[in-house]
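Have the viewer open and follow along as we go.

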Amino acid sequence: MIPAELTARCAAATTLAMQGGARPITRAIRSLVLVTAGAAALGGCISVEAPERPIVIELNINIRQEVIYRLAADAGNTIEENADIF
Amino acid sequence: MGTGMKTTLTRKLSLAAAAFALAGGAILATPAQAQRDPAYEAARAAGKVGERMDGYLGIVGTATPDLQRMVNDINIKRRAVYAQRAQAANATVEEYALTAGCIAIAKTVPGEKYQAPDGSWQTRTGAPPQRDSRCPA
């Protein structure tokens with residue numbers, strides 16, 4: 001049988017001051033420093049310039065062999081059905 | 001009033017039926033006249049036109065207005081067929097056209113011209129044509 005007792009004990013609750021945490025005025029100064037540092041970081045933006053020549057993507061090289069193999073039978077039928085223009 | 005509307009409707013229906021019959025006749029008639037035009041056949045045999053890699057017809061030598069018109073006419077028709085079939089096969093027109101080009105080059109007979117992968121015009125001999133490496137066997 002499972003004994004009915006606590007599996008872990010907790011320390012008694014304490015306030016921030018009791019734990020020796022930072023005082024409100026110290027925290028305010030810290031956050032001010034953080035905000036100033038963040039503003040400085042924003043000033044150093046990365047700028048991306050557009051290339052002078054347009055980007056041309058050669059579609060022909062993107063046609064894969066597997067696509068051609070998939071279409072081969074269909075294209076063969078098309079040529080036979082339209083023999084007047086092939 | 002009611003009779004007048006009915007007559008109009010009947011007339012419209014019969015017109016639609018007639019249009020349907022004409023369209024159906026045109027579709028059915030197309031395979032029956034599936035023969036190359038004599039001028040096209042002659043230009044192929046003379047090597048004035050050849051099969052391009054991209055699935056369209058090309059002019060091999062100097063382009064005369066008549067030859068240009070004939071090639072344009074055939075290529076417009078080919079493009080229409082490619083577009084229709086490519087859509088049905090869930091492929092792009094370029095993909096379909098390139099595939100058709102592979103096959104059209106393979107089907108050339110000795111003496112006819114075709115475009116080799118380097119872009120040059122070649123005369124088909126009894127040997128297999130030089131084709132794009134992606135072409136199916």
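This is a predicted model: local features need pLDDT of at least 70, side-chain atom pairs count only at pLDDT 80 or more; totals for chains, interfaces and linings use all residues.

The crossing of H3(B) and H4(B) is right-handed. On the H3(B) side, the residues involved are Tyr82(B), Ala83(B), Arg85(B) and Ala86(B), and they meet Val93(B), Glu95(B), Tyr96(B), Ala97(B) and Ala100(B) of H4(B). Sorted by class, this contact has seven nonpolar residues, two charged ones and no polar ones.

H4(B) also has a partner in the other chain. The axes of H4(B) and helix H2 of chain A, residues 65–81, come within 8 Å and cross at roughly 65°. That makes H2(A) roughly perpendicular to H4(B). This crossing, too, is described by its hand: for H2(A) and H4(B) it is right-handed. Among the residues that meet here are Val67(A), Ile68(A) and Leu71(A) from H2(A), with Leu98(B), Cys102(B) and Ile103(B) from H4(B). By class, the contact of H2(A) with H4(B) has twelve nonpolar, three polar and one charged residues.

| Helix pair | Axis angle | Axis distance |
|---|---|---|
| H2(A) and H4(B) | roughly 65° | within 8 Å |

Now for the interface as a whole. How many residues does each chain give to the contact? Chain A gives 20 residues and chain B gives 26 residues. On the side of chain B that touches chain A, the elements giving two or more residues are helix H3 (65–88) and helix H4 (93–106) of chain B. The largest share of that side, nine residues, comes from H4(B). By class, the side of chain B that touches chain A has 14 nonpolar, nine charged and three polar residues. As for chain A itself, its secondary structure comes to two helices and zero strands, and buried residues make up 7% of the 86 residues in the chain.

Back in chain B, there is a sheet to look at. Four strands form an open sheet in the order S2-S1-S3-S4, with mixed pairing. Its edge strands are S2 (57–59) and S4 (121–123) of chain B, each of which pairs on one side only. Direction ignored, neighbouring strands of this sheet are turned by 40° against each other on average. Strand S1 of chain B, residues 49–51, pairs with S2(B) in the antiparallel sense over three bridges. Val49(B) has Ile59(B) in S2(B) as its bridge partner. H3(B) returns here: this helix lies across S1 and S2 of chain B and runs at about 165° to S2(B).

One last stop is Pro129(B), in the segment after S4 of chain B. Leaving aside neighbours within four places in sequence, Pro129(B) is in contact with Ile105(B), Ala106(B), Thr108(B), Tyr114(B), Gln122(B) and Arg124(B). The C-alpha atoms of Pro129(B) and Lys107(B) are separated by 9.3 Å, with the two residues 22 residues apart along the chain.

Technical notes. Residues are numbered from 1 along each chain as its sequence is written. Chains are lettered from A and ligands numbered from 1 in the order in which they are written. Two residues are in contact if their C-beta atoms, placed from the backbone, lie within 7 Å. Ala, Val, Leu, Ile, Met, Phe, Trp, Tyr, Cys and Pro count as nonpolar, Asp, Glu, Lys and Arg as charged, and the others, Gly among them, as polar. Two strands pair if DSSP finds at least two bridges between them. Axes are lines fitted to C-alpha atoms, for helices over the stretch in contact, and angles run from 0 to 180 degrees between N-to-C directions. Angles under 35 degrees count as roughly parallel, over 145 as roughly antiparallel, 65 to 115 as roughly perpendicular and the rest as oblique. A crossing is left-handed if the near helix is turned anticlockwise from the far one by less than a right angle, and right-handed if clockwise. A residue is buried if 20 or more other C-beta atoms lie within 10 Å of its own, exposed if 12 or fewer, and partly exposed in between; C-beta atoms are placed from the backbone.
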